[in-house]
Every structure is written in C-alpha cells, then in structure tokens.
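The following report describes the architecture, the packing and the surface of one protein chain. The sequence and the structure are shown first.

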Amino acid sequence: LPSTMRAVQGKDYGDIDEMLSVQDGVAVPRLKKLDSKVRHKYLVLRTLSVSLAPGDCRVLSGKTREVQGPPSLPYIPGGDCSGIVV
C-alpha cells in the first residue's frame, strides 16, 4: 500500500460547500495501529468510487453532533463507496 492518498476532507462543521476540500498526501489508514481486539472489525479498501449521501451532509452540518458526528476532524466522508479490499 502507498503511504499517502488523495481524499476529500471535512475540516469543520458548517456549509458543506465551504467545509469540504480535496487533499493530497493524506495518510493511508493502517490496521496495525488499531487495538488487536477490534482490528478484525475493520478493512482497508482501495476506493474506486464514492458518493456523498444525505447523512454525510447532515453529519458535517453539525446539526446532529450530539448524537451523530465524526470521530474526529478532519473527517473523510463518503461511506457509500465501492472498491477492492486490500
């Protein structure tokens, strides 16, 4: 796997057109960094296509942050995707 990737990131809560930007050089997630007890629940995907769903817009708006929000910022949205498990 490469060490970096290109990714869309949400830098903060707010208007999605202002908060999202495409960034090069984002670190590729590494499963080795996860606790061994939860590592089996994750996978790394070489993403071929992705879309933003209404839920992504809702989360990044911050309107639901008390019950639904990104684990940290900057946040990579786009759970609706297809690709190859690597």
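## Packing around Gln9

Leaving aside neighbours within four places in sequence, Gln9 is in contact with Met19, Leu20, Ser21, Gln23, Val26, Pro74, Tyr75, Ile76 and Pro77. Gln9 belongs to strand β1, and its relative accessibility of 15% falls under the 20% cut-off, so Gln9 counts as buried. The model in which these contacts are found is predicted.

## Overall architecture

The chain contains 2 helices and 4 strands, which follow one another from the N terminus in the order β-α-β-β-α-β. Along the principal axes, the C-alpha atoms fill a box of roughly 35 × 30 × 20 Å. Of the 86 residues, 22% count as buried. Among contacts with a separation of 6 or more, 60% are between residues 24 or more positions apart. The chain exposes about 6,500 Å², of which carbon and sulfur atoms supply 53%.

The largest nonpolar core has 5 residues: Ile16, Leu20, Val59, Leu60 and Tyr75.

In general, an α-helix has 3.6 residues a turn, so residues three or four places apart point the same way. After α2 comes Gly62, whose phi is positive, near 85 degrees.

Thr64 is placed in the loop between α2 (54–61) and β4 (80–85). Apart from neighbours within four places in sequence, Thr64 is in contact with Arg58 and Val59.

## Accessibility of selected residues

Which of the residues below count as buried, and which as exposed?

| Residue | Relative accessibility | Class |
|---|---|---|
| Gln9 | 15% | buried |
| Leu48 | 54% | exposed |
| Thr64 | 16% | buried |

Leu48 lies in strand β3 (residues 45–51). Together with Leu1, Ile84 and Val86, Leu48 makes a nonpolar surface patch of about 410 Å².

The structure holds 1 salt bridge. In this pair, the side chains of Asp24 and Arg6 meet at 2.8 Å, N to O. Asp24 lies in strand β2 and Arg6 in strand β1 (residues 4–10), so the pair ties together parts that are 18 residues apart in sequence. Both Asp24 and Arg6 are exposed. Side chains of opposite charge can pair when their charged atoms come close.

The loop between β2 (20–27) and β3 holds Tyr42. With neighbours within four places in sequence left aside, Tyr42 is in contact with Leu31 and Leu34. How far apart are Tyr42 and Gln9, in sequence and in space? The separation is 33 residues in sequence and 20 Å from C-alpha to C-alpha.

Conventions
Residues are numbered from 1 along each chain as its sequence is written. This is a predicted model: local features need pLDDT of at least 70, side-chain atom pairs count only at pLDDT 80 or more; totals for chains, interfaces and linings use all residues. Side-chain values use heavy atoms; hydrogens and water are left out. A nonpolar core is a set of buried Ala, Val, Leu, Ile, Met, Phe, Trp, Tyr and Cys residues joined through side-chain atoms within 4.5 Å. Buried means under 20% relative accessible area, exposed over 50%, partly exposed in between (1.4 Å probe, protein chains only). Patches are made of residues with over 30% relative accessible area and no salt bridge: like charges are joined within 9 Å, nonpolar side chains (Val, Leu, Ile, Met, Phe, Trp, Tyr) within 5 Å. Accessible areas come from the Shrake-Rupley method with a 1.4 Å probe; for residues, only the protein chains shown count as cover. A salt bridge is a side-chain nitrogen of Lys or Arg within 4 Å of a carboxyl oxygen of Asp or Glu. Contact means heavy atoms within 4.5 Å.
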